[in-house]
Amino acid sequence: TIICHLKSMFTFPGTVSKEYINNNQNNSNVCKKCNIPRPERAHHCKICKFCILKFDHHCPWINTCIGYFNRKFFMQMLFYLVVLLYFSIFINFKFFYEVLILLYHNSFRLNIFIESFGVIFIYILDIVACFILTMFFKFHVTLVLENKSTIETIDKKGEYFESQYDLGYLNNFHQVMGINKLLWFIPIKANSGDPIGNGIDWGIK
């Protein structure tokens, strides 16, 4: 989880290259902030102050944008965080249960409750965090499988829409996670584990 977090943080999400700018001076899609030609699905980040390829969102938890080149590591980070939280709930259930039994046999006396409050609070917090992150992870998995981004969903004001870039679940997944199944779970860069494409040109169904 920590490695995925660091990879998400320090992998540059991708920006508009000088070559693209020089070759697309007549492009009608121009960023009003950067005043440069902007590829499809690129958006300007108000915090980072430049355009990001396939911009998804600016993540405050890793202090950078999620874009074309680091979205894979962001998805891996979410996956391992959710797995870690479920594992934590499972292994700590015994202690939580024992505390509840202790409270029950002592008629929920205040002093016993105060002594046990830390265990109860942390376990409930674990469950709440697990639920929230599970929903967040599910949301991003859906975006990947349907070839969408968070910003594109926000632009539609929460209404369901079919992405024109949707090439089918597997092809959409490969665009983000690469074609090497082993590297879907390992946060390293390799040709077969890199996102499919260049972050500029997009197939349309």
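H1 passes H3 in a left-handed crossing. The model is predicted.

**Exercise 1.** Work out how H1 and H3 run relative to each other, and which residues meet.

*Solution.* 
- Step 1. Locate the helices: H1 covers residues 2-10, and H3 covers residues 71-105.
- Step 2. Take the geometry. The two axes come within 8 Å and cross at roughly 155°.
- Step 3. Apply the cut-off: angles over 145 degrees count as roughly antiparallel. H1 is therefore roughly antiparallel to H3.
- Step 4. Find the contact. From H1 come Cys 4, His 5, Lys 7 and Ser 8. They meet Phe 73, Phe 74, Gln 76, Met 77 and Tyr 80 in H3.
- Step 5. Sort these residues. Five are nonpolar, three are polar and one is charged.

**Exercise 2.** Find the direction and the handedness of the packing between H3 and H4, then describe the residues in the contact.

*Solution.* 
- Step 1. Read the packing: the H3 and H4 axes lie 8 Å apart, at an angle of about 150°.
- Step 2. Use the cut-off of 145 degrees again. H3 and H4 are therefore roughly antiparallel to each other.
- Step 3. H3 and H4 cross in a left-handed way.
- Step 4. Sort the contact of H3 with H4: 29 residues are nonpolar, five are polar and two are charged.

**Exercise 3.** State how many cavities of 30 Å³ or more the structure has, and describe the largest.

*Solution.* 
- Step 1. Search the whole structure. One cavity of 30 Å³ or more is found.
- Step 2. Give the volume: about 40 Å³ of space lies in the largest cavity.
- Step 3. List the lining. Phe 69, Lys 72 and Phe 73 take part, along with Ile 188, Lys 189, Gly 193, Asp 194 and Pro 195.
- Step 4. Sort the cavity lining. Four residues are nonpolar, one is polar and three are charged.

Note on methods
Residues numbered from 1 in each chain as written. Predicted model: local features only at pLDDT ≥ 70, side-chain atom pairs only at ≥ 80, totals over all residues. Heavy atoms only, no water. 1 Å grid on protein atoms, 1.4 Å probe; cavity = no way out; pocket = protein on both sides within 12 Å on 5 of 7 lines; lining within 4 Å. Points joined across faces, edges and corners; volume = space filled by probe spheres on them. Nonpolar A, V, L, I, M, F, W, Y, C, P; charged D, E, K, R; others polar. Axes fitted to C-alpha atoms, helices over the stretch in contact; angles between N-to-C directions. Helix = DSSP H or I, 4+ residues; strand = E, 2+ residues; numbered from the N terminus. Parallel < 35°, antiparallel > 145°, perpendicular 65-115°, else oblique. Left-handed = near helix turned anticlockwise from the far one by under 90°. Contact = heavy atoms within 4.5 Å.
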